[in-house]
Amino acid sequence: MESDRLAAKASSQVADHGGYAVYELRSSPEASIKEYVAEGAVFAVSWEGPALPNLRQLLGSYFETYKTAAQAERTSHRSLVVRTPDLVVESSGRMGAFFGRAYLPRSFPAGVTVDDVQ
Amino acid sequence: MIYRIFRTLWLGPCFLIVACSGGGGGTDPVLGPNEVAVIIDSGPTGSSINMPFTTVTVCAPGGSSCRTIDHVLVDTGSAGLRIVGSKIDSSVLPAESDANGDPVMECTQFADGDAWGSIKLADVRIANEEASAVPIQVIGDPNAPAVPDNCSQAGNGLNSVAAFGSNGVLGVEGFDQDCGPTCALSPSSGSYTPFYYGCPTSTSCASIAQPLDQQVQNPVGHFTTDNNGIMLELSPILGIGAPSLGGKLVFGIGTQSNNAVGNPHILAIDPATSRTATTYGGLQKISYVDSGSNALFFVDSSIPACGDNDVASGFYCPNTKTLKSASVELDDGSQTIINFTVDNADNLLFSDPRFTVFSTLAGPGFLPADRFVWGLPFFIGKTVIFALPDKFTPLGTGPLIAYQ
């Protein structure tokens with residue numbers, strides 16, 4: 001996360017939600033990347049911004065899973081969902097305004113749901 | 001959104017447009033010199049739903065080596081012309097150069113991946129209109145440098161007809177260029193994917209700032225006539241769907257007898273972003289008018305969504321047709337109500353394997369709850385008008401979006 005912050009000349013902040021923490025990297029008023037962390041591991045990320053984020057970095061070892069699954073799901077340039085037992089990725093938007101989130105359904109802390117990932 | 005599976009199950013594309021046009025109201029219009037035909041059909045992949053296509057001709061500057069390309073998506077959610085490299089000979093088009101004299105490439109980003117390719121100068125002819133020597137993108141250009149790492153960090157490459165879903169895209173939204181000031185100010189870096197690159201060698205490309213007039217241009221603003229905007233007219237459909245649907249893309253607003261404006265609703269828009277304002281379910285939402293979105297997209301938890309593992313995942317699957325309404329803000333500060341129907345996407349998609357057009361397709365689309373996308377179903381049976389920035393029209397000075 002520190003290398004992200006330096007690369008993007010962005011501000012970062014942490015919010016403690018009890019069972020998990022949200023690290024937010026904000027590089028402009030409309031560009032934000034959040035990592036949801038519990039017990040030292042990221043279980044979800046979300047993003048918003050004028051361009052697409054570096055999903056290879058955000059998804060780490062899950063990036064290839066995402067790419068492979070996405071090839072079978074593609075139908076529209078404005079939205080995409082990838083749903084595997086281990087990984088869910090939702091991406092939407094258009095040039096200038098992209099949104100998305102990715103999460104590991106099996107790694108959510110107790111009491112936390114996908115609705116908490118915004 | 002898994003039409004590929006759907007189409008594999010129900011393979012029945014319309015090979016002959018003529019044979020398919022019966023149910024769609026797609027009569028052959030007599031076209032004026034500033035009009036080009038638009039058709040919604042199954043597209044070059046055989047699996048398109050609610051995608052409006054047109055035909056463009058691309059020539060080397062000066063008019064030689066012309067190539068006519070069909071099934072180019074008409075997109076009011078982007079600006080500029082992009083053609084898949086297998087559909088033209090990019091070697092006849094001069095490359096655009098950056099400040100160092102190196103060829104310019106673009107990593108064009110979509111929600112489902114990136115399209116990489118060269119920026120070339122071309123004469124763009126559509127109907128009898130021509131834009132001379134404007135920058136276009138050749139997606140998946142076989143003569144381009146290799147895709148750099150940071151143009152493959154967001155997902156899959158959309159660099160073929162099969163992956164891109166059309167032979168190209170004609171972006172006619174109300175902007176003069178594709179990226180705008182963001183890409184002109186400084187090279188992109190850090191956690192986000194850059195748009196423009198300079199490539200000194202075939203294996204080294206670096207993010208660059210790209211001046212506005214050298215970005216991919218909306219060709220409409222460069223036409224010598226009828227260059228203040230466009231009107232997209234689509235016929236209505238009867239019934240729940242149609243095998244194809246005809247329409248036309250008209251260039252110019254109030255410049256000819258065939259593009260006179262009546263008394264359309266002019267939407268309030270943010271000129272910097274083309275966002276409009278929609279109130280739905282008592283909530284104010286940021287909205288877009290986007291022919292490149294194949295459904296109406298908005299979040300409404302009271303409408304059952306199709307199952308996660310359903311072929312129609314991402315759309316709504318209400319038990320019965322559901323009537324809904326939203327109000328859009330007009331430029332005079334008033335509101336007008338738009339009524340629409342949300343039908344069961346499973347029922348629609350499986351209703352007739354020949355159907356490629358549905359006026360009642362809607363979904364949550366994985367959008368944030370504060371968004372509302374007036375996608376292709378909004379355009380069916382309407383004329384939707386997009387004026388370019390600083391251009392005069394009988395409706396006022398652009399940018400503006402109106403419909404009638």
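Rings of Phe, Tyr and Trp (its six-membered ring) pair when their centres lie within 6.5 Å; planes under 30 degrees apart count as stacked, over 60 as edge-to-face, and the rest as tilted. The views below come from a predicted model, where local features need pLDDT of at least 70, side-chain atom pairs count only at pLDDT 80 or more, and totals for chains, interfaces and linings use all residues. Residues are numbered from 1 along each chain as its sequence is written, chains are lettered from A in the order in which they are written, and side-chain values use heavy atoms, with hydrogens and water left out.

**View 1. Aromatic pairs and a ring cluster in chain B.** Over all chains, the count is 23 aromatic pairs. In chain B, ring pairs join Y280(B), F298(B), Y316(B), F340(B), F372(B), W374(B), F378(B), F379(B) and Y403(B) into a cluster.

**View 2. The tilted pair F298(B) and Y316(B).** The ring centres are 5.5 Å apart, with 45° between the planes. F298(B) sits in strand β17 (residues 296-298) and Y316(B) in the loop between β17 and β18 (322-329), so the pair ties together parts that are 18 residues apart in sequence. Strands are DSSP runs of E, at least two residues; helices are runs of H or I, at least four; both are numbered from the N terminus. F298(B) and Y316(B) are both buried (under 20% relative accessible area, 1.4 Å probe, protein chains only).

**View 3. The edge-to-face pair F378(B) and F379(B).** Ring centres lie 5.8 Å apart and the planes meet at 85°, so this pair is edge-to-face. F378(B) is buried at 4% relative accessibility. F379(B) is buried at 0%.

**View 4. The contact between chain B and chain A.** Here 53 residues of chain B are in contact with 43 residues of chain A (heavy atoms within 4.5 Å). The buried area is about 4100 Å², with carbon and sulfur atoms giving 51%. This is the accessible area (1.4 Å probe) that two parts lose on being put together, summed over both. In chain B, A111(B), Y192(B) and F366(B) lose the most area to chain A, together 19% of what that side buries.

**View 5. Salt bridges between chain B and chain A.** The count is four salt bridges (a side-chain nitrogen of Lys or Arg within 4 Å of a carboxyl oxygen of Asp or Glu). E48(A) forms a salt bridge with R371(B), the closest N and O atoms being 4.0 Å apart. On the side of chain B that touches chain A, α1 (3-9), β5 (104-110), β6 (113-126) and α3 (161-164) each supply at least two residues. β5(B) gives the most, with four residues.

Note on methods
Buried means under 20% relative accessible area, exposed over 50%, partly exposed in between (1.4 Å probe, protein chains only).
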